[in-house]
Amino acid sequence: MSVYALGPIALWLGLALALYGAVVGHVGGWRRDPRLSEAAVGAVFGTAACVALAYALLTAAFVTDQFQFSFVATNASRAMPVWYKAAAVWGGMAGSMLLWALILAGYSTAAMLATRRRLPRLAPHAASVLLTIMGFFLVVMTFSSKPFERLDFLPVDGQGLNPLLQNQWMAAHPPSLYLGYVGWSVPFAFAIAALITGRLGTEWITAMRKWALFPFLFLTIGNLMGSHWAYIELGWGGYWGWDPVENSAIMPWFAGTAFLHSIMIQEKRGMLRMWNMALIVLTFSLTILGTFVTRSGIIESVHAFASTNVGIVFLAFLTLEIAVSVGLIWWRSDLLTTENRLESFVSRESAFLFNNLLLLGIAFAIWWGTFFPILSEAFTGQRISVGPPFFNQVNGPLSLALLLMTGIGPVIAWRRASRRNLERNFRVPLAVLLVAGVAAVAFGLRAWYAVAVVAFSAFVAATVVQELWRGTRARMRSKGTGAAASLFGLISRNRRRYGGYIVHIGVLFVFAGIAGSMFQVEEKARLSPGDEIAVGRYAVEYRGGDIEGGPNYTATVANLTVREGDGQPYRVRPERRFYPEGQEQTTSEVAIWSRLFEDFYAILEAFDPATGASDITLIVNPMLMWIWIGGGVMVFGTLIALSTPRRTAARRPTRDEDAEAAEAAIA
Amino acid sequence: MIWYLAAYAMFWAMLFGYLMGVSGRQQRLVERAEELTRRLVDRGPGPGRGPASEAGS
């Protein structure tokens, strides 16, 4: 018997353990039976081990060319580099389900290790919820998308991975995105546990803050990697095409960001309990919806897997999950009443609430545009897709309002901002806003959106710098340390707050990059060797084409020399690659001359070997680098916020602790 | 509290109306483009042929 026979056995055993744990977790939690609760936690560990074994076996099958498995034969070939063979595991449906299960297994194990002693009342129920989600994925892999399904014959070679996916960014993008998607399962599971047990104070919120930052971090990284891949691999000059699958990945990011902000209100003021419950249910539901969109083929997308019957299974799971969650929230609505009330429109609570509305508004607008083909077909009988102009038009104003709130929210006073507070915190930033806006117009900016981005970004930057300066100055006075040491100490002392500020600075950079794309310049030309063409400030000379061979492809290459003004010439070589094996696909490998304030982007559309002429598209993308820099700063800020020691996490007496103390006294 | 609920409802009503407006406009543009394409196809290749010119002759 081959060792690979253990693969399906591991999946079946994992499914049995998941179902067992899902039942005993709830029973143990409900009866407060420590043995049953521990059994559920043990089932989490056991399921994780089974899934890890299945994943390791599938990876080994890919690396050692086991083409007797249908999934391996469809997604790998002998000529592929070993790194891409390992990454090809998530290049198709069944393997990506297994990767999802593996990541969920990792999160579930870590969550149980971290919480089963700290949150003994919630952990068994949370284990149950996590095992239910795991059980769903294992059902899909054992009954529908089987990673270890065998062929009736042994092919000599496999079909190979889609050439578009043979890129280092695309290899790393799905795991990161899945770490983001799947990570929301943990806060969702503890929210459901809080609803079941009625422990709806700050206990679960405080415990889940870092567990919500992890998926936020990885969704940010995953979306950035996906954008970067689209920019360098798809060859159309842009980084975000508002494709349904891209949209599905960004919607949970917006909902999750809203959740991360609004839990601060619950921690600080005991408010927005029902809102936070609704937000985490929405965020988790959007991750399942995203998977449904990718797997079902319900909406056409360049990214989606082929249409499969798995879509209906996902839809059923999504419907059940929403129904149960809404039912639980309804059942516990009395306990979800707020401790305090909003006292004024002009307060941090209101600012955060408005920020939440904008984030959800953007998510809703994206959902509307993504599902418009289905909506239009339902209401008019005609299936119509809305394209990037729709998304840009509706999200532009909402994003600008959100940018403004990024500056207002963190510095406005809690409860009710006095006139003195407003003057003290906003006088300088508002002056900076005005000066930046006037300067932008004076320097020739005419597009209102770009002027607003410059002015609002300056406002946000001013609020952050002002906060940092005040904190640093106070520390310099009290501690007698230098400016750098004081700033470092300030950030170290309150990493959550200042990590958030750094994320906001990253957002500004991303906005600058997005606004820059409004000034994109594009030229298309058919060039013969020796021809020259001007694009913006650049003079481009075509020096003919070459035909080159790669490990598993043949490439036609255009040789271009680019000169900016009187500067040194720079050589760029865009390619078109033909992959003869499997799907016989052609891909475009763009050439990018990337600098801090401008990218020069060249695409080879076609090459005629008889004449040596090439059809070439040349694009100048201002400020694009700032999207990647901003993304990096956002990741850095999130890591700082994540590094908060547990002892400095927000602590205040909670209803849960009061209840616990009362229970202990009665016992 | 009533003011917050009113503001909340107004936000979603405005957003919904805005989305309906923009997507409806896009829908009309697509329908118009399809209509023009259909008429071009009906006219067939070459100048002066097709139902429009026949009606005029």
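**Group meeting: a walk through chain A**

Chain A has 21 helices and 10 strands. Helices here are DSSP runs of H or I with at least four residues, strands are E runs of at least two, and both are numbered from the N terminus. The radius of gyration of chain A is 27 Å, close to the 26 Å that the globule rule gives for 667 residues, so the chain is as compact as a globular protein of that length. That radius is taken over C-alpha atoms, and the rule is 2.2 Å times the number of residues to the power 0.38.

A word on ground rules. This is a predicted model: local features need pLDDT of at least 70, side-chain atom pairs count only at pLDDT 80 or more, and totals for chains, interfaces and linings use all residues. Residues are numbered from 1 along each chain as its sequence is written, while chains are lettered from A and ligands numbered from 1 in the order in which they are written.

Now the overall picture. Along the principal axes, the C-alpha atoms of chain A fill a box of roughly 90 × 75 × 60 Å. Of the 667 residues, 51% count as buried. Buried means 20 or more other C-beta atoms within 10 Å of the residue's own; exposed means 12 or fewer; partly exposed is in between; the C-beta atoms are placed from the backbone. Next, contacts: two residues touch if their C-beta atoms, placed from the backbone, lie within 7 Å. Take the contacts in chain A with a separation of 6 or more: 73% of them come from residues 24 or more positions apart.

On to the helices. Helix α6 of chain A covers residues 123-143. Its 21 residues reach 30 Å from first C-alpha to last, close to the 30 Å expected at 1.5 Å a residue. The expected span is 1.5 Å times one less than the number of residues. Is α6(A) enclosed or open? Of its 21 residues, 18 are buried, so α6(A) is largely enclosed by the rest of the structure.

Step past that helix. K146(A) lies in the loop between α6 and α7 (168-183) of chain A. K146(A) is partly exposed, with 18 other C-beta atoms within 10 Å. Setting aside neighbours within four places in sequence, K146(A) is in contact with A94(A) and M141(A). E246(A) is 100 residues from K146(A) along the chain, and their C-alpha atoms are separated by 26 Å.

Compare a residue inside a helix. L360(A) is found in helix α13 (residues 348-370) of chain A. L360(A) is buried, with 23 other C-beta atoms within 10 Å. Beyond its neighbours within four places in sequence, L360(A) is in contact with A255(A) and A258(A). V454(A) sits 94 residues away along the chain, with 24 Å between the C-alpha atoms of L360(A) and V454(A).

D65(A) has phi near 55 degrees, a positive value in a residue other than glycine. D65(A) is in the loop between α2 (34-63) and α3 (70-75) of chain A. With 17 C-beta neighbours inside 10 Å, D65(A) counts as partly exposed. L272(A), also not a glycine, has a positive phi of about 65 degrees. L272(A) is in the loop between α10 (244-269) and α11 (273-296) of chain A. With 25 C-beta neighbours inside 10 Å, L272(A) counts as buried.

Now the strands. Strands of a sheet pair through backbone hydrogen bonds, either parallel or antiparallel. Pairing here takes at least two DSSP bridges between two strands. Which order do the strands of the open sheet follow? The 4 strands run β1-β10-β9-β8 in chain A, with antiparallel pairing. β1 (521-527) and β8 (591-594) of chain A stand at the edges, each with a single partner strand, so one side of each is left without a neighbour in the sheet. β8(A) pairs with β9 (residues 598-608) of chain A over 4 bridges, in the antiparallel sense. Within that pair, I592(A) has Y601(A) in β9(A) as its bridge partner.

Last, strand β6 (residues 575-579) of chain A. β6(A) is mostly covered: 4 of its 5 residues are buried. Strand β4 (residues 554-564) of chain A joins β6(A) through 4 bridges, running antiparallel. There, T554(A) stands opposite F578(A). β6(A) also pairs with β7 (residues 585-589) of chain A, antiparallel, over 5 bridges. R577(A) has T587(A) in β7(A) as its bridge partner.
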